[in-house]
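I am opening a notebook on a structure I have not looked at before. My entries follow in the order I looked things up.

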Amino acid sequence: MSDHEREYLPHSSGCFLCGDENPAGIRTRFYVEGSEVRGRITLPRHVNGYKNVAHGGVVAALLDETMGWAATVFGKTHPMYLTGELTVKYLAPVPVGEEIEVRSRLVEDAGRLAYSEGEILHGGKVCARAKGKFAPMSREGTAEVIPYLKFESCRRFRKIFDSYLEGR
C-alpha cells in the first residue's frame, strides 16, 4: 500500500509521538491497514536508552498509542480511550536509526473496557509485545481533545469524530 492510499489517523502538533511541531518528539504517523493500526518509524537517536537502542519508555509509548487507537477505530462506540493498564514484554532491543514497525489490534470491546494487543517488529523479528486495557473517555473529555487533533490525510476514520466536531 502506498503512502497516498494509506488512511492516516489524526495527529496533533505537540504530541511526543505524532506531534509534527514537537522538536523533541518522534513525529510519526499512524495508519489503518486491514484490522490493525500500524506505523513505520525510524526512531531518532535522541530516544536512546543505551547506544543505538530505543529507551523502553519510548517502546511502551508506541505500543500504548497504537493500541489505544485500535480501540478507538475498531471499538463499538468509537470514543477516545484512556490507558487503564499496559503490560509490555521486551524480547529484543529496538534499534534507533533503523526502520521499525508497530502493529496493534483490538482483541475485544467489552463495553466498560477495550482490550488491545500490539507488537514492534524490526526486520520481521518481534522485539516487544504488549497487552492493554483501555477505558472509554467521557464524551466531554473526547470533545476537549478533538480541537487539538489534525485531520489531514484522515478521510474515512474522521467520521468517528464527526459528532464531536459538530458539537452534538
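Where is leucine 43 found? I see that leucine 43 sits in the loop between strand E4 (36-42) and H1. I note that the model is a predicted one.

**Entry: leucine 43**

I then listed what leucine 43 touches, not counting residues up to four places away in sequence: Ile26, Ala54, Val58, Leu62, Val94, Pro95, Val96, Gly97, Glu98 and Ile100. For glutamate 98 I also looked up the spacing: from leucine 43 it is 55 residues away in sequence, and 7.0 Å in space, C-alpha to C-alpha.

**Entry: aromatic pairs**

I searched the whole structure for aromatic pairs and found one. It is formed by tyrosine 8 and tyrosine 31, edge-to-face, at 5.8 Å centre to centre with 70° between the planes. Tyrosine 8 belongs to strand E1 (residues 7-8) and tyrosine 31 to strand E3 (residues 31-33), so the pair, 23 residues apart, links distant parts of the chain. I recorded both tyrosine 8 and tyrosine 31 as buried.

**Entry: the largest pocket**

I looked up the volume of the largest pocket, which is about 320 Å³. Its lining has 18 residues, and nearest the centre I find Glu65, Trp69, Met80, Tyr81 and Val145. Which element gives the most to this lining? H1 does, with five residues. Strand E2 (11-12), helix H1 (56-74) and strand E5 (81-90) each supply at least two. By type, I have the lining down as eleven nonpolar, five polar and two charged residues.

Terms used:
Residues numbered from 1 in each chain as written. Predicted model: local features only at pLDDT ≥ 70, side-chain atom pairs only at ≥ 80, totals over all residues. Heavy atoms only, no water. Phe/Tyr/Trp six-rings, centres within 6.5 Å; stacked < 30°, edge-to-face > 60°. Helix = DSSP H or I, 4+ residues; strand = E, 2+ residues; numbered from the N terminus. Buried < 20%, exposed > 50% of the residue type's maximum accessible area, 1.4 Å probe, protein only. 1 Å grid on protein atoms, 1.4 Å probe; cavity = no way out; pocket = protein on both sides within 12 Å on 5 of 7 lines; lining within 4 Å. Points joined across faces, edges and corners; volume = space filled by probe spheres on them. Nonpolar A, V, L, I, M, F, W, Y, C, P; charged D, E, K, R; others polar. Contact = heavy atoms within 4.5 Å.
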